Amino acid sequence: MLLHLSLWTFMCIFMEKPSTLLDKLWGAHEILRREDGTSLLWVDRHLVHEGSHHAFAKLAARGQKVAEPRLTFAVTDHYAPTRQRDRITDPDIARMIETLEGNARTHGLETFGLSDPRQGIVHVIGPEQGLTLPGLQINCGDSHTSTHGAFGALAFGIGATEVAHVLATQTVWQRKPAAMRITFEGALAPGVTAKDMALGWIARLGAGGAQGHAVEYAGPAVEALSMEGRMTLCNLSIEGGARFGMVAPDEVTFDYIKGRPFAPKASDWERAVDGWRTLRTDAGADFAREVIIDAADIAPTLTWGTSPEQAIGIDAVLPAPGSLGAGKAAAAEAAYDYMGLTPGQPIKGTPVDQVFLGSCTNGRIEDLRAAAAVLRGRRAQVPGLVSPGSALVKQQAEAEGLDLVFRDAGLEWAASGCSMCVGMNGDLVAPGKRCASSTNRNFRGRQGRGARTHLMSPAMVAAAAVTGALSDLREVMQERV
Amino acid sequence: MAGWTTHEGRAVHLPQDNVDTDQLIPARFMSTPRVQGYGDFLLHDMRRDDAGVLRPDFPLNGPEPASILIAGRNFGSGSSREAAVYALVDAGFRAVIAPGFGDIFAANAINNGLLPARLGEREVAALVAELGDGGAPLCIDLGNREIQVAGQVFGFDLDEVWRTKLIKGWDDIDLTLQHAARIASFRDRRVADTVWVLPDD
Ligand code: SF4
C-alpha cells in the first residue's frame with residue numbers, strides 16, 4: 001500500500017497528467033477560477049445577430065460600450081429575407097435587421113449585413129471567413145455555436161444576459177463541462193453522411209443524452225469527414241443536449257482555413273499551425289463518458305417525430321410507442337398524432353408536401369453538391385426551397401451550375417439566411433404540411449405552426465423531392481446507374 | 001434583479017418530456033420588445049387552438065394563477081433564446097421543477113431569477129401525487145434546497161453557484177468588472193503570445 005501510494009505520488013509529480021482537447025482549450029482561456037469552480041473565460045470571437053437586440057438593450061441601459069469591437073462581428077441571418085431583399089414589406093423584419101445593423105454601427109463592429117456580398121448564416125460565414133480558427137474561444141447567442149468546435153475551437157451558445165456580459169467584458173462565466181468522447185470506428189457506407197452520424201447517436205443516447213457534457217468526436221470515420229461534414233456533426237451536438245462539440249484539428253482543417261480572409265497570414269501561418277497541431281487529446285486522457293459507435297452500422301437516418309431522438313433508418317418501421325423504453329411512450333403517441341403517422345408502418349414511402357435545403361447544419365457547398373447529384377436531370381414531384389448557407393456559397397454553387405440543377409428540377413433558388421429552419425423571415429411550412437428538411441430541429445411548429453418536419457441529410461431531401469415521398473437515397477441513386 | 005430565498009406558490013403540472021424552447025415561445029413572437037411583456041407568448045401554440053382561444057383542458061389554463069411549473073425530463077431543450085425564460089417569468093413563474101433541463105435554458109433561467117430545480121423522475125411523480133386535485137401550495141426554500149408540500153419534504157439539486165446567484169440576485173457584469181485588471185493582463189498576454197488571435201482582414 002505504501003509502495004503503491006508513493007509510486008502514485010511519484011507519477012503525479014513527475015509525469016504530466018494526460019489532457020483532453022477540452023482541458024487544453026479550457027486552460028488556454030481561463031482567466032481565473034472562483035472558489036466555487038466557475039471559470040471566467042476569455043472570448044476570442046463574439047458573433048452577434050438580430051436576436052441579440054435584448055443584449056444590446058441591456059448594454060445601453062448600463063451606458064456601456066462594447067469592450068472589444070475588433071473581436072465582435074455582426075451578422076444578419078435569422079430574419080434575412082430570401083426573396084425581394086431590396087424591398088422588405090414586413091415592418092417587424094425590417095426593424096429587427098435595422099436594429100442589429102444600427103447597433104453594429106454605433107459600436108463600430110465589422111458587419112456582414114443584408115447587402116454585404118459575404119452575408120450568410122453566422123455559423124457558415126465564421127468558418128468561411130477564417131474567423132473560426134483552432135484554439136479559439138467562440139461565443140454567439142445561438143445554440144448551434146457548437147458548429148465552430150469542428151475546428152478544434154471551444155465554442156458554445158449563450159443566452160441574451162450572457163451576450164450582454166460578453167459585449168461588456170469580452171469574458172464569460174462558465175463551469176467546465178464533463179468531457180465525453182464519441183468515437184466512430186470504421187467507415188460510413190456509401191450514401192451515409194455526417195448528418196446520419198449525428199441523428200444516429202442522438203437516437204441512441206436521447207435528446208438529453210449528453211447534457212452537461214462537452215462532446216469530442218473522434219475515430220477514423222470522423223477523421224475521414226471533410227470540414228463541412230465535421231461542422232454538421234458538431235452543429236447537432238446541442239440536439240443531443242451537449243452545449244459543446246469538437247473535433248481535433250488536422251491537415252483537413254488547416255487546408256480549409258488557409259487563405260481565408262481573416263486567417264493568419266505569411267509568417268504567422270506557420271506559427272499558428274505549429275500551435276494547432278498540439279490541440280489533440282493525449283493518449284490515456286480521462287473522459288467522464290465514452291461512447292463507441294461502429295460507423296458501418298449507421299443507415300441513412302431521418303426523424304419521424306417531434307424530438308431529434310425520434311429518428312430511425314430509412315428502411316426501418318415506425319416504432320411502437322411501447323417499445324421505446326420507460327417514459328417515452330406518451331411522447332411518441334403525441335408525436336405520431338402531430339406528425340400524422342402510424343406506428344408499425346414503414347417510414348419509407350410516406351408522401352411529402354415540400355422540401356427544404358439549407359440552414360447552418362447543411363447549407364454549405366458540399367451539401368448543395370450532394371443534393372444536386374441526386375436531382376441532376378430529374379424533376380421534383382413536390383415544391384421546394386433551396387437557400388444556400390451564405391451569399392458566397394450561393395455564388396460558388398452558381399459558378400458550378402448547381403442553381404440550374406435545382407431550378408430545372410422545379411425547386412426555388414433563393415438568397416441566403418436561416419430561412420425555413422426557423423421561419424423568422426416568413427419562409428414557413430403551412431399547417432399540416434409535411435416537409436423533408438436538411439435542418440436541425442423537428443420541434444412542433446419549428447417550421448411554422450402545425451408544420452411536420454422530417455430531418456435528414458441533403459441527399460435524402462433531394463431523394464424525397466424526386467419521388468415525392470420519404471425515400472432511400474441509395475435506391476434513388478441505383479435507378480440512375 | 002432582486003434575489004430571493006423562499007417562495008410559496010401554487011404549482012401546475014405539465015406532464016411532458018422535452019418541452020423545447022420553440023414550444024415555450026414560438027419564433028414569431030421574438031421580435032417583440034421586452035417592455036411589452038412576454039407572458040402571453042408562453043407555450044402559446046400548446047395553450048391555444050387554431051383560432052387563438054385558450055384550450056380549457058390545458059394545465060396552464062386553469063382559473064387560478066400558478067408560479068411553479070412541474071414538467072418532464074429535458075425541459076427547455078433546444079435554442080439559446082432567453083425569450084423562453086422571459087415568457088415564464090413574465091407569466092409569473094418563479095420556479096420550474098423537472099428531472100433535467102437544457103444546459104443553456106438553465107443558465108438563462110438563473111440569469112433571470114427563475115429557479116430550475118432538478119428532482120428525480122420518481123420524486124417528481126411523488127410530488128405531483130402530494131399536490132392532489134386541490135392544488136396544495138408548494139414552499140421552495142433555496143437555503144436548504146428543499147420543496148415542501150403537504151408536510152412532505154423533497155430535496156432538489158441545484159448548482160451551488162447558481163443557488164448563490166439566485167439568493168443574492170447578482171449581476172454578473174458588476175462582479176466581473178471587479179476583475180478588470182486581471183482580464184486586461186490576460187488579454188495582453190494572449191495577444192502577445194499568439195499574434196494571430198486578433199483578426200486582421
Ligand atoms: S440556420 Fe437555424 S439553427 Fe442555424 S443559426 Fe439559423 S436559425 Fe439557428
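**Domains of chain A**

I am working with a predicted model, and I began inside chain A: the C-alpha centres of domain 1 of chain A and domain 2 of chain A lie 24 Å apart. For the bounds I took the domain assignment, which puts domain 1 at 21-292 and domain 2 at 301-478.

Next I checked how many residues of each domain take part in the contact. I got 42 residues from domain 1 of chain A and 44 residues from domain 2 of chain A. The area buried between these two domains came out at about 3400 Å², with 56% of that from carbon and sulfur atoms.

Then I went through the charged pairs. The rule finds three salt bridges across the interface of domain 1 and domain 2 of chain A. I noted A:R441 with A:E239, where the closest N and O atoms are 3.0 Å apart.

Which elements of domain 1 of chain A give two or more residues to the side that touches domain 2 of chain A? I found α5 (122-128), α7 (194-205) and α9 (227-235) of chain A. The most comes from α7(A), with six residues. Sorting that side of domain 1 by class, I counted 16 nonpolar, 17 polar and nine charged residues.

**Chain A against chain B**

I moved on to the contact between the chains. Chain A puts in 74 residues and chain B puts in 59 residues. I wrote down a buried area of about 5200 Å² between chain A and chain B, 53% of it from carbon and sulfur atoms.

How many salt bridges does the rule find across the interface of chain A and chain B? The answer is eight. I picked out A:E309 with B:R73, whose closest N and O atoms sit 3.1 Å apart.

On the side of chain A that touches chain B, several elements each supply at least two residues, among them α2 (21-29), β1 (30-33), α4 (91-107) and α11 (266-276) of chain A. The top contributor is α6(A), which gives the most to this side with seven residues. By class, I have 28 nonpolar, 21 polar and 25 charged residues on the side of chain A that touches chain B.

**Chain B by itself**

I count eight helices and eight strands in chain B, and its C-alpha trace spans about 65 × 45 × 30 Å along the principal axes. Of the 201 residues of chain B, 54% count as buried. Among contacts in chain B with a separation of 6 or more, 63% are between residues 24 or more positions apart.

A:A266 has a positive phi of about 45 degrees, and I placed A:A266 in helix α11 of chain A. A:S359 also has a positive phi, near 85 degrees, and lies in helix α13 (residues 359-362) of chain A.

A:S359 is buried, because its relative accessible area of 1% is under 20%.

Terms used:
Residues are numbered from 1 along each chain as its sequence is written. Chains are lettered from A and ligands numbered from 1 in the order in which they are written. This is a predicted model: local features need pLDDT of at least 70, side-chain atom pairs count only at pLDDT 80 or more; totals for chains, interfaces and linings use all residues. Side-chain values use heavy atoms; hydrogens and water are left out. Contact means heavy atoms within 4.5 Å. Buried area is the accessible area (1.4 Å probe) that two parts lose on being put together, summed over both. A salt bridge is a side-chain nitrogen of Lys or Arg within 4 Å of a carboxyl oxygen of Asp or Glu. Helices (H or I, at least four residues) and strands (E, at least two) are DSSP runs, numbered from the N terminus. Ala, Val, Leu, Ile, Met, Phe, Trp, Tyr, Cys and Pro count as nonpolar, Asp, Glu, Lys and Arg as charged, and the others, Gly among them, as polar. Domain bounds come from an automatic or database domain assignment. Buried means under 20% relative accessible area, exposed over 50%, partly exposed in between (1.4 Å probe, protein chains only).
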